[in-house]
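User: I would like to go through this model before planning my reading of it. Could we begin with the sheet and then turn to the cavities?

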Amino acid sequence: MKSESKFSRRSFLRKTAIGGGAAAAGTALAAPAVLAQAPMVLKMQTSWGANNVWQEFAQDYADRVEAMSGGRLKIDVLPAGAVVAAFQVMDAVNDGVIDAAHSVSAYWYGKSKSASLFGTGPVFGASSQAMLGWFYEGGGEELYRELTQDELGLDVVGLLGFPMFAQPFGWFKGEVNSVADIQGFKYRTVGLAADLLQTMGMSVAQLPGGEIVPAMERGVIDAFEFNNPSSDRDFGAQDVAKNYYLSSYHQAAEQFEFLFNRFTYEDLEPDLQAILRYGVEASATANTSKAMRRYSDDLQWLQDEAGVTVRRTPQDILQGQIEAWSEILPSLEEDAMFKKIVDSQRAWAEKVAFYELMNAPDYGLAYEHFFPGKLSL
C-alpha cells in the first residue's frame with residue numbers, strides 16, 4: 001500500500017506538472033507547446049559544502065544529464081544543509097523530500113554496517129577502480145539493491161560513480177611514526193574506518209566535512225581525514241594542522257554514491273532513466289580527470305604556500321591497518337548480508353587484483369628516473 005500510494009502520488013504530480021493547466025480545462029491537446037516542452041527538474045542535494053570541489057563534481061553530472069537529454073531533464077544541485085544535513089540525504093531521498101542525492105554510502109552506515117562495504121570496506125588489494133568494476137560487473141549493484149530495497153525497505157535506486165583515489169591517513173599536529181604514536185588520538189573518520197581505527201587504539205568521531213575544522217579548533221578531535229588535498233584545502237585543514245600523511249588502507253577504494261527516489265526514477269521515460277544512469281558513468285570519467293589536475297595542484301599549494309609537510313603513512317601504521325581489518329571482519333561477518341557482500345568482494349579482488357597488480361609496471365621506478373629525488377618526501 002505504501003509503494004502504491006507513493007507511485008500514484010508521484011505519477012499524478014508528474015503528469016499534472018507537465019499538462020496540468022490544459023487537463024484542468026479538459027483540453028490537453030490544446031496545451032501550449034512551450035508548456036508541453038517544459039523541462040522536468042529533479043532536486044538533488046549533496047553531502048558537500050558549497051565551496052567543496054565535490055560540489056563542482058556533482059554539478060558536472062547535472063550538466064551532462066541536461067546536455068544528453070536535450071534540456072528535457074534538469075538537476076537542481078544543492079549543497080549540504082540546503083534541505084537536510086549531510087548525513088541525512090538517504091532518508092530524504094527515501095521519503096521523497098528530495099529527488100536525488102550525491103553522497104557516499106558510509107554516511108548512512110548507521111542503518112547497516114553493510115552500507116560501508118560500498119566504498120569504505122576492507123582492502124583486499126584491489127584499487128578503487130577495480131571495486132567500481134565489482135559494482136557493475138561483479139554483482140555489486142544487485143547486492144546494493146538487495147540491501148537497500150529488500151533488507152532495509154528503502155525506496156531508492158543507487159549507483160556508484162567516480163572511483164576515488166586512496167584517501168590520506170590525514171592531518172596531525174605532530175609527527176607520527178608508528179601505531180604506538182596514535183594511541184588515544186581523538187580522530188575523525190566515517191563508516192567502517194571508524195571500527196578499524198578504534199581497534200587500533202584511536203577514539204573516533206564521525207563528523208561531516210564542514211564540522212571538522214571547528215572540532216579541531218575546539219579540541220574535540222586531535223587529528224582527522226576527509227578525502228583529498230582539494231577538499232581538505234577548501235575547508236582549511238592547513239590552518240589547524242601541518243603534518244599531512246598520504247596513503248592509507250582505511251578508505252582506499254571509495255566511490256561517489258548517486259541516490260534517486262525509486263518512484264521518481266521509475267516514473268521517468270526509459271530514455272531519461274538511461275541518461276541518469278549512464279550520466280553517472282560519464283561523470284566518473286570527467287571527475288577522475290578533474291581530480292587528477294585539482295588534487296595535484298592543491299597538494300603542491302599545500303606544500304609550497306601553506307607550509308604543510310607531506311609524508312607517506314609509515315609502514316608500521318599501514319601494516320597495523322591490514323591486521324586490524326583481519327581482526328574486525330569475523331564479528332562483522334556474523335551478519336548474513338554483510339558476509340554475502342564481503343564474500344563477493346573478496347572473490348572479485350582475488351581474481352581482478354591479481355591481474356591488476358601483476359600487470360602494472362613499477363610507475364614509481366620510472367618517476368624516480370625522470371624526476372629524481374621528488375618521491376623522497
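Analyst: A definition is needed at the outset: two strands count as paired if DSSP finds at least two bridges between them. Please note also that the model is predicted.

User: Understood. What is the order of the strands in the open sheet?

Analyst: The five strands of this open sheet follow the order 2-1-3-10-4, and their pairing is mixed.

User: Which strands stand at the edges?

Analyst: Strand 2 (73-78) and strand 4 hold the edge positions. Each has a single partner strand, so one side of each is left without a neighbour in the sheet. From one strand to the next, the twist averages 25°.

User: And how many bridges join strand 3 to strand 10?

Analyst: Strand 3 (residues 100-103) is joined to strand 10 by four bridges, and the two run antiparallel. Within strand 10, Glu257 stands opposite Ser103.

User: Which strands does helix 5 touch?

Analyst: Helix 5 packs on the sheet, where it touches strand 4 and strand 10. The direction of helix 5 makes about 155° with that of strand 4. Helix 11 (residues 270-304) lies across strand 1 (40-46), strand 2, strand 4 and strand 10, and runs at about 30° to strand 4.

User: Staying with helix 5, which of its residues are buried?

Analyst: They are Ser128, Ala130, Met131, Leu132, Trp134 and Phe135. The cover over these buried residues includes helix 6 (140-151), strand 4 (156-163), strand 10 (255-261) and helix 13. After helix 5 comes Gly139, with a positive phi near 95°.

User: Now the cavities. How many are there of 30 Å³ or more?

Analyst: There are three cavities of 30 Å³ or more.

User: What classes of residue make up the lining of the largest cavity?

Analyst: That lining has 12 nonpolar residues, six polar and no charged.

User: And the second largest cavity: what is its volume, and what lines it?

Analyst: Its volume is about 60 Å³. The residues lining the second largest cavity include Trp48, Trp54, Arg188, Phe226 and Glu254. By class, its lining has six nonpolar, three polar and two charged residues.

Definitions and conventions:
Residues are numbered from 1 along each chain as its sequence is written. This is a predicted model: local features need pLDDT of at least 70, side-chain atom pairs count only at pLDDT 80 or more; totals for chains, interfaces and linings use all residues. Side-chain values use heavy atoms; hydrogens and water are left out. On a 1 Å grid over the protein atoms alone, a cavity is a set of points where a 1.4 Å probe fits but cannot get out, and a pocket is an open set with protein on both sides within 12 Å along at least five of seven lines; lining residues have an atom within 4 Å of a point. Grid points are joined across faces, edges and corners, and a volume is the space filled by probe spheres set on the points. Ala, Val, Leu, Ile, Met, Phe, Trp, Tyr, Cys and Pro count as nonpolar, Asp, Glu, Lys and Arg as charged, and the others, Gly among them, as polar. Buried means under 20% relative accessible area, exposed over 50%, partly exposed in between (1.4 Å probe, protein chains only). Contact means heavy atoms within 4.5 Å. Axes are lines fitted to C-alpha atoms, for helices over the stretch in contact, and angles run from 0 to 180 degrees between N-to-C directions.
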